[in-house]
Amino acid sequence: MEQRAFEDSLHTKLDEGMTYSGYLDLETLLSAQHPLSEPEHHDELLFIIQHQTTELWFKLLIHELKSAVTWIQGDQLEPAFKILARVKHIQGVLLRQWDVLATLTPAEYVQFRHVLGKGSGFQSVQYRVVEFMLGNKDKRMLEIHEHDPVHGAMVREAMEAPSIYDEFLRYLDRRGLPIPGEVLERDVTVAHVANEGVLEAFKIIYTEPERFWDAYEMCEKLVDVEEQFAHWRFRHMKVVERVIGYKIGTGGSSGVNFLRKMIDHRFFPELWDVRTHI
């Protein structure tokens, strides 16, 4: 076979200037995997990379959700549509990643599970921030991160800030929709509870979409995000069941049963309830 020729314009002298590896800081990134099993078990690297890449995607989710909130606060929903479409695709990548971890068998995982100690995904700071930004607030979670001042501050900031749903409801109020005062003035450090007045506002939007098109589109974007989150939670639960059965989780939780309880949680309850009422 004839060897492919280099194009004359291709940069091949990389001793000066920015490079692909340098821009991405690959030396740091690719040296951050430290298996602890002795002798090193082949599948521990898979487990580490699976969770490290998840944390990278969580970092991007936080970045995108913060931007979406800013646009909503400025009464500009259209830029937020693009962002939430991206969020949905990021969630899709996170969902498909479970397929890779599902190739880990119980016999393989048990060979290195002990090196995790008390470590658990439940302790993920960024996962907690994402949940808080979407509205699933729980002050008890602050205690888990109080040992680390920096991460504890991150979680507390997300706890004390209005969620993306809070900001959307405030936007609807500014648009003249009948959002109850007790919802607008509520304590944002606790999870939102379904409210009949909010449901009535969404019934108006869904029965008059031409009049409230931006709000109508935002409603569906938020439903997309929540639906993807539910798929991710379900897949998480099934992969855990497949790999460890009903063992107690490394973080002390009941494992599968603990994860199953969260599958039906709803961030934006009235956006689901309205479907029954129109």
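Author: Helices (H or I, at least four residues) and strands (E, at least two) are taken here as DSSP runs, numbered from the N terminus. The model is predicted, so that local features need pLDDT of at least 70 and side-chain atom pairs count only at pLDDT 80 or more, whereas totals for chains, interfaces and linings use all residues. Residues are numbered from 1 along each chain as its sequence is written, and side-chain values use heavy atoms, with hydrogens and water left out.

Reader: What pattern does the protein follow along the sequence?
Author: The protein has zero strands and 14 helices. Read along the sequence, the pattern is therefore given by the DSSP runs. It is α-α-α-α-α-α-α-α-α-α-α-α-α-α.

Reader: What percentage of the 278 residues of the protein count as buried?
Author: The C-alpha atoms fill a box of roughly 65 × 55 × 40 Å along the principal axes. Burial is judged by relative accessible area (buried under 20%, exposed over 50%, partly exposed in between; 1.4 Å probe, protein chains only). Of the 278 residues, the buried share is 40%.

Reader: What volume does the largest pocket have?
Author: On a 1 Å grid over the protein atoms alone, a pocket is an open set of points with protein on both sides within 12 Å along at least five of seven lines, whereas a cavity is a set where a 1.4 Å probe fits but cannot get out; lining residues have an atom within 4 Å of a point. Grid points are joined across faces, edges and corners, and a volume is the space filled by probe spheres set on the points. For the largest pocket, this volume is about 1400 Å³.

Reader: Which residues that line the largest pocket are the closest to its centre?
Author: The lining of the largest pocket consists of 47 residues. Those closest to the centre of this pocket are H51, S120, G121, F122 and H236.

Reader: Which element gives the most residues to the lining of the largest pocket?
Author: Two or more residues of this lining come from each of α3 (44-73), α4 (77-101), α6 (125-134), α12 (213-244) and α13 (256-260). By class, the lining has 22 nonpolar, 17 polar and eight charged residues; Ala, Val, Leu, Ile, Met, Phe, Trp, Tyr, Cys and Pro count as nonpolar, Asp, Glu, Lys and Arg as charged, and the others, Gly among them, as polar. The element that gives the most, with nine residues, is α3.

Reader: Which element gives the most to the lining of the second largest pocket?
Author: The second largest pocket holds about 270 Å³ of space, and its lining has 14 residues, with K66, M133, E157, A158 and A161 nearest the centre. The elements that supply two or more lining residues are α3, α6, α8 (149-160) and α9 (164-174). The lining divides into nine nonpolar, two polar and three charged residues. With four residues, the element that gives the most is α3.

Reader: Which residues line the largest cavity?
Author: There are five cavities of 30 Å³ or more, and the largest cavity holds about 70 Å³ of space. Its lining has seven nonpolar residues, one polar and no charged. The lining residues are F58, L61, Q91, L94, Y127, V130, F229 and W232.

Reader: Are the rings of F47 and Y109 stacked or tilted?
Author: Rings of Phe, Tyr and Trp (its six-membered ring) pair if their centres lie within 6.5 Å, and planes under 30 degrees apart count as stacked, over 60 as edge-to-face and the rest as tilted. The count comes to 18 aromatic pairs. The centres of the F47 and Y109 rings are 5.3 Å apart and their planes lie at 25°, so the pair is stacked.

Reader: How many residues apart are Y165 and F268?
Author: The rings of Y165 and F268 have their centres 5.0 Å apart and their planes at 40°, so this pair is tilted. Y165 is in helix α9 and F268 in the loop between α13 and α14 (269-277), so that the pair links distant parts of the chain, with a separation in residues of 103.

Reader: The charged end of R128 sits over the ring of which residue?
Author: A charge sits over a ring if NZ of Lys or CZ of Arg is within 6 Å of the ring centre and within 35 degrees of the ring normal. The charged end of R128 is 4.8 Å from the centre of the ring, which belongs to F122.
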